[in-house]
Amino acid sequence: MSERIVIKDNKNPILPCVPTRELVVFPGMVLHFDVGREMSINALKAALASDGYVFLVAQKDVVVEKPIKSDMYKIGTIAKVTQIIKSPNGLFRCLVEGAYKGRLVDFYVHGKNYEAEVKKMPNYSREKFDENEIYAVCREIKDIFGEYAKVVPRMPNELYTQVIAANEPKNLFEAIAFNITLPFADRQILLETGSAGEKLACLMSILSREIDVISLEQQIHEQVRASIEDNQREFYIREQIKALQNELGNMTGEESGDDNEIQSYLDKIEATGACDEVKEKLTSEVKRLSKMMSSSQEAVVIRNYLDTCLALPWNVYTKDRTDIKKAEKILENDHYGMKRVKERILENLAVRCLTPEIKGQILCLYGPPGVGKTSVGKSIARALNRKYVRVSLGGIKDESDIRGHRKTYVGAMEGRIINAIKQAGVKNPVVLLDEIDKMSNDFRGDPSSAMLEVLDSEQNSSFRDHYIEMPFDLSDVMFVTTANNLDTIQPPLLDRMEVIELSSYTREEKFNIAKLHLIPKQLKKNGLKASQMRITNDGIYMLIDSYTREAGVRKLERAIGSLCRKAAKEIVEDNVKKVTFRASNIEKYLGHKKYLPEYTSKEDQVGCVNGMAWTSVGGVLMPLEVLVLDGKGKIELTGSLGDVMKESAKIAVSYCRSVADKYGIAHDFYETKDLHIHAPEGAVPKDGPSAGVTMVTALVSALSGIPVRADVAMTGEITLSGRVLPIGGLREKTMAAYKEGIKTVVVPKANIGDLDEIDDVVKLNLEFVFAETIQDVLDVSLTKKPDESSIPVGVMQNAVKGDIRTEVTV
């Protein structure tokens, strides 16, 4: 707001100004209005003290208490103040008469009131319509006003007569605009419009719209009135029935129906916010209940049914979290690792931020026991700010457990899905379907088939439980399932879920989980403080390596809990202030080691190679030994080797024959020598193609007499032509090599993309050699290369054809 500037030669008058709220005054119009703001009251008093003229201009926003120039319209009215009266409630009522139309040039604060520099404007500008157009507009607006008078209640006959009798456009406009109620914005538009013909055309459009709005309001009013009359009629009838039942109860000594209960049910039905189909169904059940004796068995069934249906969240939702950073922080705090699961949840949250109408997804967390599948579901709910409910499906055989029982049966109840929604209390919870692979079937039905509709986002928007008998929308629910084995899940059911595999934890992941989560949890559970018990880093590694061997961390948590209990005992019995567990004293508390270190080759040996294998509880080193004996070409395989490994041994022998010249191997070794291939720990079954490169290396070493480096471990499938094919489980295998002190690992070149999943500590401590052919493996693993000068050129070229070695040190 600018300071007041008075220019002596200014041609525009400066007048007291009153900013009006939802009030527009036309020139020539006489009306009274109330004024409450002190600045406006002072402006009116200043006008009376001078020549009586004041500038009335409307505010754009009625909420603004202290307006500035930009808060007001440009066009207003210069009016003559004829009277100001103070009312008992403290307001001032003033009477004004519009004189001229004016344009707001500037707006000031002068003393205790507003003043405005105003440019005087003609009330009606030059007419743009010709005489015939003016005549047509006047006739049309009179017809429209006639229709308007029919729909507006209590329209004075004198006003209608005055409008019909008006012949001049100006008189016709003023007769209508001055005497009917129009929205504030429309009156401002009429004031700003220039000529009389344009004002009438604009007014004609406004009246047509008002007729439509008023007609629609009257229709709505009639509908509401009819509905109220029907409700009143029903109320009177119910009151009569109640009186008759009371009389009948007094005569027979029986209790009458509980009308308060009936009315309570009806009120709850209205408050559910459910669709019309649901409300009609529930209302019909309430009507049936009202006609029964309250003590009858059927009435009890209906009450249970109504209570169950009304307990469902038909229209109750929780608001999803939109802060991805906060959701990511929650996931990181709850679980260590699990990058794929966390990324998938954050992606889902990001998509919901962009398209809130997206329906619920179905995720399947697949992995070995103890890796945190169930607890991840709870973290997902926390990250999304949703309610969480768990449904255990292990051992379910009956389809009715999923869909519920018909309410006609004794003891009937809803299925587990609807019951989970009822427990959650909202329509969009996170529902964890635990152990979905443990469902079975019998003569009572197949629950897996019932789950097909539940876990189909295109169908579950109208899921019908047998007990509820009404469609319930499950499309807003986020289903998370868990499974240990995908083979037992029906293919159609598996196809409906997005499978995310949770592999077994590596040694480093177990260490961090124990340090960040398990130890604080067990300390709290056993009433200890961090200052009273401590497990050193080498102690944690001792627990992982020597007292547990599992994919998850359950046994590790139990071992930590056992140490906490022993620490609590020492603190209580011996008044020890702090107990520290190290690798050197853990055996004293937990007994001898349950798992000994794996057998590996510790020095360069002939025919002994460190292979790498994957198991369900993680990766292990699998040494392979080959012994060459005089004989007749017999191949002996021991160590519980499977069929695939036996075939790999045959491929390895054939490949050794093809490179016999290069490594100085006798050409007839397959006829004069017996080969004995053995994998230690013979009680453990072993199979798979990834030991192919290990067998070739061991055979070449044993037949050529060249030792194999003890600090090298390898994995990879081979072909007859010597190519190395990709394998799986590289993350677990390399962790096992790192744990056993291996320095170099040889893996297939096609697995170079799997480096992203390998732990950083492993990549920092191991040298990775990516092999494309078996020659790459032999060049790295053998302690010396064959003397190529003694090999014929043609033979050497055949042996090293396509030999490309790629080394990557991370």
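A residue counts as buried when its relative accessible area is under 20%. By this criterion Phe-770, with a relative accessible area of 0%, is buried in the predicted model. Phe-768 also counts as buried, at 0% relative accessibility. The rings of these two phenylalanines form a pair: the centres of Phe-768 and Phe-770 lie 6.2 Å apart and the planes meet at 15°, so the arrangement is stacked. An angle under 30 degrees is what places a pair in the stacked class.

Tyr-305 and Tyr-467 are both buried. Ring pairs also join Phe-26, Phe-173 and Phe-178 into a cluster.

Aromatic rings additionally take part in contacts with charged side chains. The charged end of Arg-657 is placed over the ring of Tyr-670, at 3.6 Å from the ring centre. Lys-427 lies over the face of Phe-472, and here the distance to the ring centre is 5.6 Å.

Attention was next given to strand pairing. Strand S3 (residues 53–58) pairs with strand S4 (residues 75–86) in the antiparallel sense, over four bridges. Within this pairing, Phe-55 stands opposite Ile-78 of S4. On S4 there is also a pairing with strand S5 (residues 92–110), again antiparallel, in which 11 bridges join the two strands. Ile-75 has Arg-103 in S5 as its bridge partner. S4 and S5 form a hairpin with five residues between them, and Gly-90 in the turn has a positive phi of about 95°. In a regular strand, side chains alternate between the two faces of the sheet.

The largest pocket has a volume of about 1100 Å³. It is lined by 38 residues, of which Ser-503, Glu-509, Arg-731, Glu-732 and Glu-757 are the closest to its centre. Helix H11 (339–354), helix H17 (507–525), helix H24 (730–739) and helix H25 (760–765) are the elements that give two or more residues to this lining. By class, the lining of the largest pocket comprises 13 nonpolar, 10 polar and 15 charged residues.

The second largest pocket has a volume of about 630 Å³. Of its 22 lining residues, those closest to the centre are His-335, Gly-372, Ser-375, Lys-521 and Glu-557. Two or more residues each come from helix H12 (373–384), H17 and helix H19 (554–574). The greatest contribution to the lining of the second largest pocket is that of H17, with five residues. This lining divides into eight nonpolar, seven polar and seven charged residues.

Four cavities of 30 Å³ or more were found in the whole structure. The largest cavity holds about 250 Å³ of space. Among the 19 residues lining the largest cavity, Lys-510, Val-617, Gly-618, Gly-619 and Lys-739 are the closest to its centre. At least two lining residues are supplied by each of H17, helix H18 (537–547), strand S17 (618–630) and H24. H24 provides the largest share of this lining, four residues. The lining of the largest cavity has six nonpolar, five polar and eight charged residues.

Finally, Ser-125 was considered. This residue is found in the loop between strand S6 (113–121) and helix H2 (131–151). With a relative accessible area of 31%, Ser-125 is partly exposed. The C-alpha atoms of Ser-125 and Ala-196 are separated by 7.6 Å, although the two residues are 71 residues apart along the chain.

How values were computed: Residues numbered from 1 in each chain as written. Predicted model: local features only at pLDDT ≥ 70, side-chain atom pairs only at ≥ 80, totals over all residues. Heavy atoms only, no water. Buried < 20%, exposed > 50% of the residue type's maximum accessible area, 1.4 Å probe, protein only. Phe/Tyr/Trp six-rings, centres within 6.5 Å; stacked < 30°, edge-to-face > 60°. Lys NZ or Arg CZ within 6 Å of the ring centre and 35° of its normal. 1 Å grid on protein atoms, 1.4 Å probe; cavity = no way out; pocket = protein on both sides within 12 Å on 5 of 7 lines; lining within 4 Å. Points joined across faces, edges and corners; volume = space filled by probe spheres on them. Nonpolar A, V, L, I, M, F, W, Y, C, P; charged D, E, K, R; others polar. Pairing = 2+ DSSP bridges.
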